[in-house]
Amino acid sequence: MPYIGSFESAGMGNTYYNGLEPLMAPQGRGSAIVVSILLLGMLLHCGNVLAATYTVGDAGGWTFNVVGWPNGKTFRAGDVLVFNYNPAFHNVVGVGKNGYDTCTASSGQTFQSGSDQIKLVQGGNYFICGFPGHCAKNMKIAVNAL
């Protein structure tokens with residue numbers, strides 16, 4: 001078994017021998033920059049990994065009387081809400097607090113795929129069904145994302 005250790009080589013600094021060829025120990029700022037970039041990339045990736053996905057209304061989906069579904073849950077910005085419903089009978093409209101309180105869908109973004117995935121932003125997130133009378137039957141949710 002070859003000896004692995006350090007020795008001085010003329011002008012080369014510490015050199016290590018692995019039995020095949022001499023290896024230079026990493027030196028300088030280049031290695032620090034590479035390590036910093038890798039760590040930054042890992043941190044940015046972790047933010048996405050921590051996001052949770054919630055199915056609105058659980059197994060019942062987006063339907064009447066879903067208004068209390070968010071109760072007891074902690075939501076964070078970046079979490080995703082999945083709205084499952086029959087698009088022939090319902091839709092999802094992202095509205096402001098006033099639109100939520102008054103069941104007015106006139107100025108919100110409408111989703112109508114039947115399986116919408118909506119990423120939460122920090123603060124209040126408000127959603128109603130835009131079909132006539134559905135919001136009044138508590139087909140709406142308000143979610144506060146931290």
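Predicted model: local features only at pLDDT ≥ 70, side-chain atom pairs only at ≥ 80, totals over all residues.
Side-chain values use heavy atoms, with hydrogens and water left out.

Helices (H or I, at least four residues) and strands (E, at least two) are DSSP runs, numbered from the N terminus; two strands pair if DSSP finds at least two bridges between them. Strand E6 (residues 92-95) pairs with strand E9 (residues 123-128) in the antiparallel sense over three bridges. Within E9, Tyr 126 is the bridge partner of Val 95.

The structure holds one disulfide, a term that denotes a pair of cysteine sulfur atoms within 2.5 Å. Cys 103 and Cys 135 form this disulfide, with an S to S distance of 2.1 Å. Cys 103 lies in the loop between helix H2 (97-102) and E7, whereas Cys 135 lies in the loop between E9 and E10, 32 residues apart. The disulfide is left-handed because the torsion about its S-S bond is about -70°.

Buried means under 20% relative accessible area, exposed over 50%, and partly exposed in between (1.4 Å probe, protein chains only). Cys 103 is therefore partly exposed at 31%, while Cys 135 is buried at 4%. Cys 129 is also buried, at 2% relative accessibility. Its sulfur is 8.3 Å from the closest cysteine sulfur, in Cys 135, which is too far for a bond.

Methods
Residues numbered from 1 in each chain as written.
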